[in-house]
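Reader: I'd like to learn how to read a structure like this one, feature by feature. Could you walk me through it?

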Amino acid sequence: MKLTNFSKLILFGLIVTLPAVGCRTKSSYLTGLPKTGTTGSVVDSGIGKALPDDGNKVKSDDVTGTSFADPNLRKDWPRDREIFQADTVHFDFDSSIIKSEEKPKVAAVADYIKAHGSDAVEIEGHCDARGTEEYNRSLGERRALALREELIRLGIEASRVDTISYGEDRPAVAGNDEAAYRKNRRAEFVLEKHQNLVGLNSPVQNNDPNK
Amino acid sequence: MKIFFLFGVWWFVLVSAIGLLYAGEQEIDIRRTIEPGNTKPIWVSMSGFTGEAAQVLQFDLYVQGFGFTNADAAQYLISGSNNGNLQGRATDRFNKSSLVSKAYSGASLRRQAHAFADDFVNAIPQHKGIALTQIAFKNDTGRNSEIYTADFDGHNAHPVTMDNTIVAAPCWVPGRKALYYTSYKLNHVDIFHQDLLTGERRPFARHGGSNMSPAVSPDGSKVAMILSRDGWTDLYVCNANENDPKRLTRTPEDESSPCWSPDGKWICFAAKLKERRSLCKISASGGEVQRISTVGVLNPTEPDWSPDGKWIVFTAMMGSFEICVVPPQGGPVIELVPGEDPSWAPNSRTVVFARRTASGRNLSLLDVPTKQVKDVSRVSGSNSQPSWAR
């Protein structure tokens, strides 16, 4: 009995000593974590490091943002999904940054909205399926908001730009490969046609992208 | 030089361990240490039950950290019968005491078995049965998704919405009387409140932009949520019977998935801080955002704070998805099993989570201390975003 305990003890000693050896080969127990790929944007796992200089406290950036019109205002306006079809903007993984090659599309939408003073635009944010669902719903909204800010910067009134996030719930294409993911990380522009005579002639169209 | 140093460390450890060992033999440690992912099951033996009753009891006990063995190796002996109604007895083999001896009637045999499982578990100190609890979840049938409620094992599932659009992110009001969820019914992302007794519902948050991820405070008086009405996706808190959302964060980054500390003082959520995805917390009355460090994993998201306050369970997105726990003050993470979107049971030890399969997502239960996992019964479609009624 004591002998068994003693051999356990030697094992225990080895186990305790090993990490000390491991220190020199730097976090060898982390080899299982992917360094790139689907978590590509995160380069720093923070493992083995002290907290940042500011400790646990993180100061808010204090960004005000630009408010929206009442969501009921254009609720029944007919939607045109075709008109901006060529202007769908694509994003990098886990990113809401508008890439420079995508900016002409935003400018084209801005020009159209400027020229049609009574119409408005809704921006749909979408994600690939590699995040969790509510994370993707927030990221999709963040993508739509980034484009909204760009339209505002180009001179469109904030009250004429709506956003909606579909997260990963409305993929453009099915599939679980990078080609599909690339197509699904996107934002689509939908024209909201000004409508005075709500419900008289034109039926209310469903806003859902797949209906 | 280094080698000598290491030998020194080794011998120091060895000698102190010998000391501890001999000191340790003087007393018997009777505490049961509950460590996530590294705790042995509590051994029970079961006899006399058949068919559905036996299956229900095995399922219920397995997902609460019990393991099955024969009578001379078990701590608890469970026996009974289910000819017609269910009768059950449970005794502690070590101190020979009877824990429960009861006959059940009424309802279904299934429900009688759940009730007996609860009576047995509740008789063990520091344990709280969960066999009569409920979950809510999102069921995606391809084009649309609806909210369902079910028993905690997935049986008796019923839809509570029929919106024919995307409905997501259900969250129970304490006491199981109502749900909050996100619905696209009004061609907009709005948060609804639905009374489960009357079926009545009302838009709770319908502001410009998207209204997402409702989380009810433990006393039911407040709702934390993610809104973009002021131009960015930020965390807001609102009184449950008013329409006065207060903005708690002001960042251009995308906050998501709020949850509450059991004392209602803190809201924990996922955010991007300095280009790094992190878990954060903020006082429910506002203040500074504090990072909760999750050492060892990347991209933490979907936190849920255990009702006993000891752990935050969350999803780490690292190519795959891992269910993990971390103490609320942050620190080294314990990775448990592959999965996402965990939600604690009222017993603070079992969680329900979603697992990706070839045919969509499936819900599973995980006993955190033992890492015992069982799939719950599935509703046709992809089942995800579970919320455990507490």
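Author: Happy to! Keep in mind that this is a predicted model. Let's begin with the overall form of chain B.

Reader: How does the radius of gyration of chain B fit with that of a compact globule?

Author: A compact globule of 390 residues would have a radius of gyration near 21 Å, and chain B has 23 Å, which agrees. Along the principal axes, the C-alpha atoms of chain B fill a box of roughly 75 × 65 × 40 Å. Of the 390 residues, 49% count as buried. Chain B has three helices and 31 strands.

Reader: Into which domains is chain B divided?

Author: Domain 1 covers 42-122 and domain 2 covers 134-388. The centres of these two domains of chain B, taken over C-alpha atoms, are separated by 33 Å. Six residues of domain 1 are in contact with 11 residues of domain 2. By class, the domain 1 side of that contact has three nonpolar, two polar and one charged residues.

Reader: Next, a helix. What should I look for?

Author: An α-helix has 3.6 residues a turn, so residues three or four places apart point the same way. Now take helix H2 of chain B, residues 51-62. At 1.5 Å a residue, its 12 residues should span 16 Å, and the end C-alpha atoms are 17 Å apart, which agrees.

Reader: Which residues of H2(B) are buried, and what do they pack against?

Author: The buried ones are B:Ala53, B:Val56, B:Leu57, B:Phe59, B:Asp60 and B:Leu61. They pack against strand S1 (42-47), strand S2 (66-68), helix H3 (109-122) and strand S30 (372-375) of chain B.

Reader: And strands? How should I read those?

Author: In a regular strand the side chains alternate between the two faces of the sheet. Our case is strand S28 of chain B, residues 350-357. Six of its eight residues are buried, so S28(B) is largely enclosed by the rest of the structure.

Reader: Which strands pair with S28(B)?

Author: Strand S27 (residues 340-344) of chain B pairs with S28(B) in the antiparallel sense over three bridges, and B:Trp344 has B:Val351 as its bridge partner in S28(B). Strand S29 (residues 360-367) of chain B also runs antiparallel to S28(B), joined by eight bridges. There, B:Phe353 has B:Ser364 as its bridge partner in S29(B). A hairpin through two residues joins S28(B) to S29(B), while the hairpin of S27(B) and S28(B) has five residues between the strands.

Reader: Where is B:Ser348, and what is its phi?

Author: B:Ser348 sits in the loop between S27 and S28 of chain B. Its phi is near 60 degrees, a positive value in a residue other than glycine. With 19 C-beta neighbours inside 10 Å, B:Ser348 counts as partly exposed, because buried requires 20 or more.

Reader: What about A:Asp94: is it buried or exposed?

Author: A:Asp94 counts as buried, with 22 C-beta neighbours inside 10 Å. Its phi is near 55 degrees, again positive in a residue other than glycine. A:Asp94 lies in the loop between strand S3 (89-90) and helix H2 (103-115) of chain A.

Conventions: Residues numbered from 1 in each chain as written. Chains lettered and ligands numbered in written order. Predicted model: local features only at pLDDT ≥ 70, side-chain atom pairs only at ≥ 80, totals over all residues. Domains from an automatic or database assignment. Contact = placed C-beta atoms within 7 Å. Nonpolar A, V, L, I, M, F, W, Y, C, P; charged D, E, K, R; others polar. Helix = DSSP H or I, 4+ residues; strand = E, 2+ residues; numbered from the N terminus. Rg over C-alpha atoms; globule rule 2.2 N^0.38 Å. Buried ≥ 20, exposed ≤ 12 C-beta atoms within 10 Å, placed from the backbone. Expected span 1.5 Å × (residues − 1). Pairing = 2+ DSSP bridges.
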